[in-house]
Structures are given as C-alpha cells and as structure tokens.
Amino acid sequence: MNKCPWWFAALLVLTAAVATAALQQGVRSHVDKADAGLAWPQLMASMAKMHVAMASVGSSGSSDADFVRLMLPHHQAALDMAEIQLLYGKDPQMRRLAQEIITDQQSEIELMQLWLKEHVAGSLKAGQAPAPNMSKEY
C-alpha cells in the first residue's frame with residue numbers, strides 16, 4: 001500500500017480549508033451586495049416620502065408650528081431609514097446608532113405631536129380649519 005507523506009495530507013487539508021473559506025467569503029460578499037441593493041431603493045423611497053410631506057406643509061403664520069410641522073416628516077424619515085439599517089446593516093456600531101435614532105426620534109415625534117395638539121389646535125378660532133398635514137402621522 002502506498003502511503004502519502006504527512007506533509008502532502010496536511011497540504012490537502014489546508015487547501016480544502018482555504019478553498020472553503022474563500023467560497024464562504026464570496027457567498028457572504030454576494031449576499032452583502034444583494035442586501036445593499038435591497039436597502040438603497042428603500043432608503044430613497046423614505047427620502048422621497050419625506051420631501052413630499054415637507055413640501056405639502058403650508059405656512060401657518062407661526063414659526064413654531066411651521067418648524068414642528070416640517071420636523072415631523074423629517075424625523076419620520078429618520079425612523080424609516082434607521083429601520084432599514086436594522087434590516088440590512090451589518091456594522092454593529094451603525095446598527096446601535098440606528099437603534100438610538102429610533103428611540104430618540106420616536107420620543108421627539110411624540111413630543112412634537114403633543115405640542116401641536118396643545119398649542120396649534122388650542123389657538124384655532126371657532127370655524128377656522130387646521131393647517132394641512134396636522135394628522136396624527138405629521
């Protein structure tokens with residue numbers, strides 16, 4: 001029976017391990033690129049939605065109310081983008097940042113909605129219609 005030298009057997013094992021690792025890295029790289037391809041249109045859609053919402057806000061005559069009404073879709077876009085990051089992002093630091101954005105921006109959205117409810121709705125005269133985009137979402 002012909003025996004292979006030990007170094008030849010070790011070389012075969014090492015070659016197989018390197019090939020497997022390279023293949024896995026190639027698959028992982030392909031998956032990352034596919035994920036990035038899915039994330040980009042979603043990020044752009046959240047930006048487009050924000051721009052449409054902000055452009056639809058008309059002046060109310062109150063700089064405070066206008067500021068809040070414009071900031072609401074801005075914050076919602078930040079939430080949407082952070083959620084997309086959590087779906088597709090790989091970097092732990094960026095995922096942590098996305099989670100912090102979700103927590104902080106949601107809290108600020110609730111504060112601004114409450115402020116609008118208390119200040120703008122209370123300042124409307126009888127029969128005066130509320131400014132556009134004063135829905136619960138914005």
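Contact means heavy atoms within 4.5 Å. I started with that term and looked up separations. In the protein chain, 64% of the contacts with a separation of 6 or more join residues 24 or more positions apart.

I noted the ground rules next. This is a predicted model, where local features need pLDDT of at least 70, side-chain atom pairs count only at pLDDT 80 or more, and totals for chains, interfaces and linings use all residues. Residues are numbered from 1 along each chain as its sequence is written, and side-chain values use heavy atoms, with hydrogens and water left out.

**Fold.** I found three helices and zero strands in the protein chain. Helices (H or I, at least four residues) and strands (E, at least two) are DSSP runs, numbered from the N terminus. The order is α-α-α.

**Burial.** I checked how much is buried (under 20% relative accessible area, 1.4 Å probe, protein chains only). The share is 22% of the 138 residues in the protein chain.

I then followed A98. Beyond its neighbours within four places in sequence, A98 is in contact with A82, Q85 and L86.

**S46.** I turned to helix α1 (residues 6-55), where S46 is found. S46 is buried, with a relative accessible area of 6%. Its side chain reaches the backbone oxygen of L43 at 2.7 Å. Leaving aside neighbours within four places in sequence, S46 is in contact with A77, D80 and M81.

Definitions and conventions:
Buried means under 20% relative accessible area, exposed over 50%, partly exposed in between (1.4 Å probe, protein chains only). A polar contact is a pair of N or O atoms within 3.5 Å; within protein, one must be able to donate a hydrogen and the other to accept it, and residues adjacent in sequence count only if both atoms are side-chain atoms.
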